[in-house]
Each structure stands twice: as structure tokens, then as C-alpha cells.
Amino acid sequence: MDAATLADQASQLATGAAQLSEAAEKLAQQSTELIVAQAPALTGTGSSFISLFIIFVMACFVGYYVVWSVTPALHSPLMGVTNAISSVIIVGGLLAAGPVAMDFSKVMGFLAVTLASVNIFGGFIVTQRMLAMFKKKKK
């Protein structure tokens with residue numbers, strides 16, 4: 001292969017790379033426009049109250065049947081996980097209650113922190129009483 005052929009092939013590769021770069025840029029631009037156009041549907045801002053309420057009711061039924069079908073041997077680990085979830089709820093509630101303005105999110109954040117705190121402390125009290133049942137009595 002001589003230098004002229006190599007230069008010609010390099011020129012063709014450079015042209016192909018430039019075309020590929022332009023095509024990739026157009027594809028990125030089009031996908032960005034599509035994501036921006038679909039953002040309200042993806043974030044759930046277009047969800048109606050009825051669909052959210054149906055999801056809530058279904059979650060209540062699933063939660064009820066899951067909790068009531070737990071065997072006694074799994075009760076303590078389940079309580080531990082519930083306490084861990086409540087601690088995450090407290091963090092989310094603190095974030096929601098943080099804004100300066102008094103609005104609905106602040107009230108709901110305060111309510112979430114209060115109820116999750118009751119759940120956590122109640123779980124610790126129940127666990128302490130259960131563990132006390134297994135201790136040997138002193139004579």
C-alpha cells in the first residue's frame with residue numbers, strides 16, 4: 001500500500017466519522033426532546049386522584065394479608081424491619097416538614113414524624129417486653 005492510498009482511506013474514515021458524529025448528535029437531540037416531552041407522564045404529575053387512591057387501597061389490602069399471614073417465628077424480624085422503615089419515614093417527614101412556609105406538606109411531614117416516632121418507640125417497648133418473657137426469673 002502506498003501513501004496516497006492510505007491518505008485516501010484516512011480521508012474516507014474521517015468523513016465517515018464526521019457523519020457518524022452528526023448522526024449521534026441528532027439522535028441525542030431527538031431523544032432529549034422526547035424525554036422533555038414525556039417528562040410529565042414519567043414523573044406522575046399527570047396522575048389522577050382516582051388512580052392514586054386505587055393504588056393506596058390495593059396496598060392496604062396487600063399489607064393486611066401479608067401481615068396477618070406471618071408466622072409467630074417471623075414476627076420479631078418483621079417488627080425490626082418495620083422499625084427500620086419507620087426510621088426512613090422519619091427522615092422523609094423531616095425533609096417534608098423543613099420548608100419555612102406553613103403548608104400542607106409541612107403538616108403532613110409533622111404527622112409522619114409523629115406517627116413514625118410512636119411506631120418506633122412502641123416497637124421497642126413491645127420487643128423489650130417480649131425479651132423479658134424469655135429471661136429466667138430470679139428467686
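The model is predicted: local features need pLDDT of at least 70, side-chain atom pairs count only at pLDDT 80 or more, and totals for chains, interfaces and linings use all residues. Residues are numbered from 1 along each chain as its sequence is written, and side-chain values use heavy atoms, with hydrogens and water left out.

**Exercise 1. Confidence**

Determine in which helix confidence is lowest and in which it is highest.

Solution. Begin with pLDDT, the predictor's confidence in each residue, from 0 to 100. The chain average is 77, and 91% of the residues score at least 70. Next, take the helices, which are DSSP runs (H or I, at least four residues) numbered from the N terminus. The lowest confidence belongs to α3 (residues 75-97), with a mean of 75, and the highest to α2, with 82.

**Exercise 2. Helix spans**

Compare the end-to-end distances of α2 and α4 with expectation.

Solution. The expected span is 1.5 Å times one less than the number of residues. Helix α4 (residues 104-134) has 31 residues; its first and last C-alpha atoms are 45 Å apart, close to the expected 45 Å.

**Exercise 3. Burial**

Classify the cover of α2, and identify buried residues in α4.

Solution. Apply the classes of relative accessible area: buried is under 20%, exposed is over 50%, and partly exposed lies in between (1.4 Å probe, protein chains only). In α4, by contrast, Gly-109, Val-113, Ala-116, Ser-117, Ile-120 and Gly-123 are buried. Then turn to α3, where Ile-90 is located. Ile-90 counts as buried because its relative accessibility is 17%. Its C-alpha atom is separated by 8.4 Å from that of Gly-109, 19 residues away along the chain. Thr-82, also placed in α3, counts as partly exposed because its relative accessibility is 28%.

**Exercise 4. An aromatic pair**

Locate the aromatic pair in the whole structure and describe its geometry.

Solution. Rings of Phe, Tyr and Trp (its six-membered ring) pair if their centres lie within 6.5 Å; planes under 30 degrees apart count as stacked, over 60 as edge-to-face and the rest as tilted. The search finds one pair. Tyr-64 and Tyr-65 form this pair, with 5.3 Å between centres and 80° between planes, hence edge-to-face. Finally, check accessibility: Tyr-64 is partly exposed at 46%, whereas Tyr-65 is exposed at 55%.

Notes
Helix = DSSP H or I, 4+ residues; strand = E, 2+ residues; numbered from the N terminus.
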